[in-house]
Amino acid sequence: YNTDGNNTDLEIAMNWLKDHNADYPLSIELLFDDEMDKENYKNARDLVDKMEKLYGETELSKEYRIRVAAKDGNQDELVQQIEDGYKKYPDDWYFVNLQRIVDENVNKNTESSIEVLKKFLKNNFKADAYTTLAKYYFDKGNSAEGIEQYEILLKKYPYAVGYFRDLGDIYFQEQKYDKAIENFKRCLEIAPYVSSYWNRLAKCYDNEKKDDDAKKAYTNAID
């Protein structure tokens with residue numbers, strides 16, 4: 001963008017829009033952000049009311065109501081808006097993720113959190129949903145189900161080195177060093193110059209009493 005003093009052309013256009021067409025959807029969004037920045041939560045709520053009166057309730061207006069309740073510290077309103085949003089938009093990850101957080105932290109029901117994620121994943125693909133579900137399984141001691149979530153991700157993203165690293169760490173904690181080695185080797189096939197992967201591999205060899213292999217891996221970690 002071309003600069004004009006401290007403003008860009010885009011900022012100038014948006015300010016003009018707010019001043020000259022306050023009922024336009026983007027104008028309402030910009031005005032809402034302004035009120036939130038100023039912590040004028042009543043005015044922010046009024047703008048959401050205006051948005052819904054003009055255009056009906058949408059995922060965005062529901063998200064705005066959640067944001068206001070969260071910033072305003074009104075937990076009852078926050079939980080109610082999240083639950084209503086999830087009920088109306090069960091395939092929207094924003095509401096799904098918030099609902100599983102409510103179930104876990106407010107309702108103290110992690111089983112419900114798991115079911116929320118599983119229901120979402122029946123019709124949708126979201127990496128964060130799989131890794132979050134995996135964490136719940138690991139926390140329950142169900143490593144087989146947790147590992148299965150990572151395997152699903154790796155079928156979709158076969159070069160996602162972070163998933164191989166996570167699996168390697170999981171197998172290492174379970175003392176399944178052969179499986180850990182397999183995953184750390186996959187990390188190194190994708191990113192051969194990352195010293196932390198060599199270091200992880202060396203620790204596996206150490207635990208398997210493979211001194212020569214451990215020494216080579218430690219050397220590569222240092223180089």
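Gln 81 is part of helix H5, residues 75-88 (helices are DSSP runs of H or I with at least four residues, numbered from the N terminus). Gln 81 has a relative accessible area of 9% and is therefore buried (under 20% relative accessible area, with a 1.4 Å probe and protein chains only).

Beyond its neighbours within four places in sequence, Gln 81 is in contact with Lys 62, Arg 65 and Ile 66 (contact means heavy atoms within 4.5 Å). Lys 53 is 28 residues from Gln 81 in sequence, and their C-alpha atoms are 18 Å apart.

## Basis of the model

The model is predicted; local features need pLDDT of at least 70, side-chain atom pairs count only at pLDDT 80 or more, and totals for chains, interfaces and linings use all residues. Residues are numbered from 1 along each chain as its sequence is written, and side-chain values use heavy atoms, leaving out hydrogens and water.

## Nonpolar cores

The largest nonpolar core contains 46 residues, and Leu 167 and Leu 201 have the most contacts inside it (a core is a set of buried Ala, Val, Leu, Ile, Met, Phe, Trp, Tyr and Cys residues joined through side-chain atoms within 4.5 Å). Helix H8, residues 127-140, gives the most to this core, with 7 residues.

Apart from that core lies another, of 10 residues, including Ile 28, Met 36, Leu 47 and Tyr 64.

## Cysteines

The disulfide count is 0, a disulfide being a pair of cysteine sulfur atoms within 2.5 Å. The closest cysteine sulfur to that of Cys 187 is in Cys 204, 10 Å away, so the two are too far apart for a bond.

Cys 187 is buried at 0% relative accessibility. Cys 204 is also buried, with a relative accessible area of 0%.

Terms used. Buried means under 20% relative accessible area, exposed over 50%, partly exposed in between (1.4 Å probe, protein chains only). Helices (H or I, at least four residues) and strands (E, at least two) are DSSP runs, numbered from the N terminus.
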